[in-house]
Amino acid sequence: MAWDEWEQLKQEAAQRHGTQMQLNQLPPGDEPGAPTPTSGVTKGLLSSKKAWNKAGEDVGGLGSDVDKAVKKLQDGQQGLGDTAGCLSAGAQKEVYDSWASYLKGVDDRCDRVKKVFEQIGHDLLLTDEAVRSALGAIDTRFADTPALGGQTSGR
């Protein structure tokens, strides 16, 4: 797959999903838990089933975009043939295998985050700590590995 095509796919995904996120937050200077001057009601962020489900849908949409990228990678591999005896073909196969594995991991991560968000939206009874724990488990499962190659490889 050509790098310019990959860059184009990333830009298209960013354009589709970049403007959909909205954070509902307090105005600057307001603190959660402080009573409002007129009502005495506690200020804070509100949570709704609709918002959590929308967040889950958006994350699921990212996973769909990743699936499309994997398909394009697979299509680009067609006709490569035997890589024995051709160093550049062997290197290209290594890069392909690495990216295919990485993108499948991204897709899996999106799917897991989507499920957590939808569960939160369904239950709306989970504590902040339970949400942190569920998302932390995903972070642990998909922790990045140290960088390979490049300037740090000592070549």
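I take helices (H or I, at least four residues) and strands (E, at least two) as DSSP runs, numbered from the N terminus. On that basis I find four helices and zero strands in the protein, in the order α-α-α-α along the sequence.

The model is predicted, so I note that local features need pLDDT of at least 70, side-chain atom pairs count only at pLDDT 80 or more, and totals for chains, interfaces and linings use all residues. Residues are numbered from 1 along each chain as its sequence is written, and side-chain values use heavy atoms, with hydrogens and water left out.

I looked up burial: 19% of the 155 residues are buried (under 20% relative accessible area, 1.4 Å probe, protein chains only). The protein exposes about 11600 Å², with 55% of that from carbon and sulfur atoms (Shrake-Rupley method, 1.4 Å probe).

I then checked contacts (heavy atoms within 4.5 Å). Of those with a separation of 6 or more, 62% join residues 24 or more positions apart.

Next I looked at H3 (residues 87-123) and H4 (residues 128-141), which pack at about 175 degrees with axes 10 Å apart. (Axes are lines fitted to C-alpha atoms over the stretch in contact, and angles run from 0 to 180 degrees between N-to-C directions.) H3 is therefore roughly antiparallel to H4 (over 145 degrees). Among the residues making the contact are Val113 and Phe117 of H3, and Leu135 and Ile138 of H4. I list the contact residues as eight nonpolar, no polar and five charged (nonpolar: Ala, Val, Leu, Ile, Met, Phe, Trp, Tyr, Cys and Pro; charged: Asp, Glu, Lys and Arg; polar: the others, Gly among them).

Last, I looked up Arg141, which lies in H4. Arg141 touches Asp108 and Arg112, leaving out residues up to four places away in sequence. Arg141 and Arg109 are 32 residues apart in sequence and 8.8 Å apart in space, C-alpha to C-alpha.

Terms used:
Buried means under 20% relative accessible area, exposed over 50%, partly exposed in between (1.4 Å probe, protein chains only). Angles under 35 degrees count as roughly parallel, over 145 as roughly antiparallel, 65 to 115 as roughly perpendicular and the rest as oblique.
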